[in-house]
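Here is a short report on one protein chain. Keep the structure open as you read.

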Amino acid sequence: PKIDTDMGVRHPLRILVAEDNVVNQKLALRILQQMGYRADLASNGVEAVEIFRRTDPDVVTMDITMPHMDGIECVERIVAIKPNILILVISALADKATAVEAMEKGANGFLNKPFSDRQLNDALEELLGNA
């Protein structure tokens with residue numbers, strides 16, 4: 001199945017990708033670009049909060065394991081700034097407790113790594129549908 005290449009037109013969003021791994025950064029940015037989005041990028045937790053404050057995105061994709069501040073703490077800080085923000089936690093930690101903790105802190109969805117183009121597409125659609 002293909003991704004929704006018109007999603008960015010139907011749902012114009014500012015997106016922040018918080019991811020420390022360069023390969024995963026490129027993958028997420030490429031998929032989002034194919035969906036019609038241009039996303040901002042943060043490569044560590046502290047940077048994610050700083051960029052969030054400057055750009056006021058509609059959606060954040062958040063890696064859990066990042067340097068300087070982990071994704072769980074980032075979620076908590078970002079939600080304190082903007083309580084209605086949509087946050088999709090993306091992690092290689094398939095641990096259910098991690099997903100539950102992220103949701104308790106304010107995340108709205110969880111996606112396991114590695115993920116396909118279609119899985120990211122579907123996760124964002126679900127996030128928007130539940131908003």
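Anything in between is partly exposed. At 66% relative accessibility, His-68 is therefore exposed. The model is a predicted one.

His-68 sits in the loop between β3 and α4. Its phi is positive, about 75 degrees, although His-68 is not a glycine. Asp-56 is also not a glycine, and has a positive phi of about 50 degrees. Asp-56 belongs to the loop between α3 (45-55) and β3. With 43% relative accessibility, Asp-56 is partly exposed. Most residues other than glycine have a negative phi, and most peptide bonds are trans.

## A cis peptide bond

The bond between Lys-113 and Pro-114 is cis, with omega about -10 degrees. Pro-114 is found in the loop between β5 and α6.

## Helix α6

Helix α6 covers residues 117-129. At 1.5 Å a residue, its 13 residues should span 18 Å. The C-alpha atoms at its ends are 18 Å apart, which agrees.

Which residues of α6 are buried? They are Leu-120, Asn-121, Ala-123, Leu-124, Leu-127 and Leu-128. These residues cover an arc of only 165 degrees around the axis, so they are on the same side of α6. An α-helix has 3.6 residues a turn, so residues three or four places apart point the same way. Glu-126 and Gly-129 are exposed on the other side of α6. The cover over the buried residues includes helices α1 (7-10) and α2 (22-34). Strands β3 (59-63), β4 (86-91) and β5 (109-112) are also part of that cover.

## Salt bridges

Side chains of opposite charge can pair when their charged atoms come close. The whole structure has ten salt bridges. One of them involves Asp-117 and Arg-30, at 3.3 Å from N to O. Asp-117 lies in helix α6 and Arg-30 in helix α2, so this pair ties together parts that are 87 residues apart in sequence. Both ends are partly exposed: Asp-117 has a relative accessible area of 24%, and Arg-30 has 35%.

Lys-105 and Glu-76 form another salt bridge, at 3.5 Å from N to O. Lys-105 is in helix α5 (residues 96-105) and Glu-76 in helix α4 (residues 71-81), 29 residues apart. Lys-105 is partly exposed at 29% relative accessibility. Glu-76 is partly exposed at 40%. Elsewhere, salt bridges with shared partners join Arg-14, Arg-38 and Asp-40 into one network.

Arg-10 and Asp-4 also meet in a salt bridge, at 2.4 Å from N to O. Here Arg-10 is partly exposed at 47% relative accessibility, while Asp-4 is buried at 15%.

## The cavity

Rolling a probe the size of a water molecule over the atoms shows where empty space is left. How many cavities of 30 Å³ or more are there? The count is one. The largest cavity has a volume of about 60 Å³.

Which element gives the most to the lining of the largest cavity? Strand β3 does, with three residues. β1 (15-18), α2 and β3 each supply at least two lining residues. The lining includes Val-17, Ala-18, Asn-24, Ala-28, Thr-61, Met-62 and Asp-63. Lys-113 is also among the lining residues, and Lys-113 is joined to Pro-114 by the cis peptide bond.

Note on methods. Residues are numbered from 1 along each chain as its sequence is written. This is a predicted model: local features need pLDDT of at least 70, side-chain atom pairs count only at pLDDT 80 or more; totals for chains, interfaces and linings use all residues. Side-chain values use heavy atoms; hydrogens and water are left out. Helices (H or I, at least four residues) and strands (E, at least two) are DSSP runs, numbered from the N terminus. The expected span of a helix is 1.5 Å times one less than its number of residues. Buried means under 20% relative accessible area, exposed over 50%, partly exposed in between (1.4 Å probe, protein chains only). The arc is that of the directions from the helix axis to the C-beta atoms. Contact means heavy atoms within 4.5 Å. A salt bridge is a side-chain nitrogen of Lys or Arg within 4 Å of a carboxyl oxygen of Asp or Glu. On a 1 Å grid over the protein atoms alone, a cavity is a set of points where a 1.4 Å probe fits but cannot get out, and a pocket is an open set with protein on both sides within 12 Å along at least five of seven lines; lining residues have an atom within 4 Å of a point. Grid points are joined across faces, edges and corners, and a volume is the space filled by probe spheres set on the points.
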